[in-house]
Amino acid sequence: MLKLSQYGVEINGQVRRVYVHVQALIQNDLRIVPTPPEDRVDTRLYQMFFVWFTVNANILQFSAGSVGPVVYGLGMRESLLTILVTDILSSAIPAYLAVFGPKLGTRAMVLSRFSWGYYGAAIPSILNVISMEGYLILNCILGGQTLASVSDHLSPTLGIVIIALVSFAITFCGYKVVHLYEMVCWIPNIITFIVMLAVGGKNLINTPLSTGDAASASSILSFGAVVAASVISWSTVTPDYGVYHDSKVSTARLFTYTYLGFLSGNLIGHLMGAAFAAGAPSVPSWSEGLSNGSSIGGLIGATLSPCGNFGKFLTVLLALTVPSPSSVTMYTTCTSFMTISRLFAKIPRILLAMASTAVLIPVAIVGANSFYATAVDVLNMIGYWMAPYSAIILAEHWFYRKITFGAYNVKNWDNPRRLPLGAAAIFVFLASFGIIVPCMSQVWYTGPIAKAGTGDIGMVTSFIFAMLVYPALRTLEGVITTRWRGVDS
């Protein structure tokens, strides 16, 4: 039955208001309140594969893979083996955290409150806003450079602006449009990578497997840290994109779909980047396109140049798929900002997206002049805090909540007195930097342990430290809060 009402069109007794989408953009609590079980019924689990396959099988992960040959001087063999091992291990972390979206209906930063406490969760929320903005900057630099590589009349600056605005437009459309976009956005990427292999394969075959010098453990581990950071950085994003999926599906199935998306997408992006960067010194046109390690887009454009206009067309398509990770990241930037405090939750999401875009464009334009220095710094700094953060969330679930999703009283998500104090999480997180600093290796600082030849092992050691120490302190915190409040949170 269809009839008109004063609010819109009434269909079968239900009012469909024409301004629902606009309301959703303005009423931001809809974006951070946990999704109730009755709304978590989407059975299209294949979306969880395609979203994470798409955001990783692109030029951002291509650039991360290229760091091995370009920055650390590794040969093709060392780079590819490092990538293979690192991707197999690190993809499990964001994939497992993705399970929390369907099971609890919570975004990542809301989930943090069940270990960090209401006020303590502001720490990872703030760090996540900063980190996601850094990720957006890298995406826009890559997209801008790739667009600029097809024409002398298009500058990287204009390309950055175009990519940023397209990312903003997709984010504006919301959760469902992002999912739909990610379902198809991988197609031009894979086609372009296949053509690159077909055109440049003969040069890759002739590329030496090693640089001739024995690769140091320090270089391999430091490169592994960059690769791992590019994967683990999604840990604070994956729960956000499953909050409407079927909550009754087994954890194993949810994990498998997401893990396979991460692993296959990352392997394609990382391995392609390492292979073509390793081959660039042997091919003058590739080396010129790479511009002394400052333009991934130039390398891609040079690789596809034998295809003429078709190659330029593919390069443009590849650049225009950069919003696939950017839109996902910008969406999470907005929701993370809302979880910092109730005051920020009142700001319309569209305004937050506009502010994010306004910040990233000028910073990306400046950072484009030294892409690799910017990329390594951003990825490593994200990895340094996300490693102990992920360990705390996982340890909370595995050891304190006994791998039981029913142990989370989600209805208390916004009640400070019904949430943990967060003292254990905050202490372990801060203490982990006592491990990270001596183990880190950056251009601007190298810790004594890293200097001794270990390379950058800050992420690995901090993850292990947090995983070992947090359960005991969290148990103690639970006893104290139970006696104090009379209830276990």
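N189 sits in helix 13, which covers residues 186–205; helices here are DSSP runs of H or I with at least four residues, strands are E runs of at least two, and both are numbered from the N terminus. This is a predicted model, where local features need pLDDT of at least 70, side-chain atom pairs count only at pLDDT 80 or more, and totals for chains, interfaces and linings use all residues. Residues are numbered from 1 along each chain as its sequence is written, and side-chain values use heavy atoms, with hydrogens and water left out.

**Overall build**
- The protein chain has 25 helices and three strands.
- Its radius of gyration is 23 Å, which agrees with the value near 23 Å for a compact globule of 489 residues; the radius is taken over C-alpha atoms, and the globule rule is 2.2 Å times the number of residues to the power 0.38.
- Along the principal axes, the C-alpha trace spans about 70 × 65 × 40 Å.
- Buried residues make up 58% of the 489 (buried is under 20% relative accessible area, exposed is over 50%, partly exposed is in between, with a 1.4 Å probe and protein chains only).

**Around N189**
- N189 counts as buried, because its relative accessibility is 0%.
- Beyond its neighbours within four places in sequence, N189 is in contact with T54, A57, N58, L318 and T321 (contact means heavy atoms within 4.5 Å).
- T54 is also one of the buried residues of helix 3.
- Helix 3 (residues 46–56) is mostly covered, with eight of its 11 residues buried; W52 and F53 are among them.

**Salt bridges**
- The whole structure holds six salt bridges, each a side-chain nitrogen of Lys or Arg within 4 Å of a carboxyl oxygen of Asp or Glu.
- R44 and D42 pair up at 2.9 Å, N to O; R44 is partly exposed at 39% relative accessibility, while D42 is buried with a relative accessible area of 16%.
- R113 and D414 form a salt bridge at 3.1 Å, N to O. That pair links distant parts of the chain, 301 residues apart: R113 is in helix 9 (residues 113–116), and D414 is in the loop between helix 22 (371–400) and helix 23 (423–439).
- R113 is buried at 2% relative accessible area, whereas D414 is partly exposed at 26%.
- R474 and E477 meet at 3.5 Å, N to O; both lie in helix 25 (residues 458–485), three residues apart, about one turn of the helix, and both are buried.
- R474 and E477 also belong to a salt-bridge network with E396 and R401.
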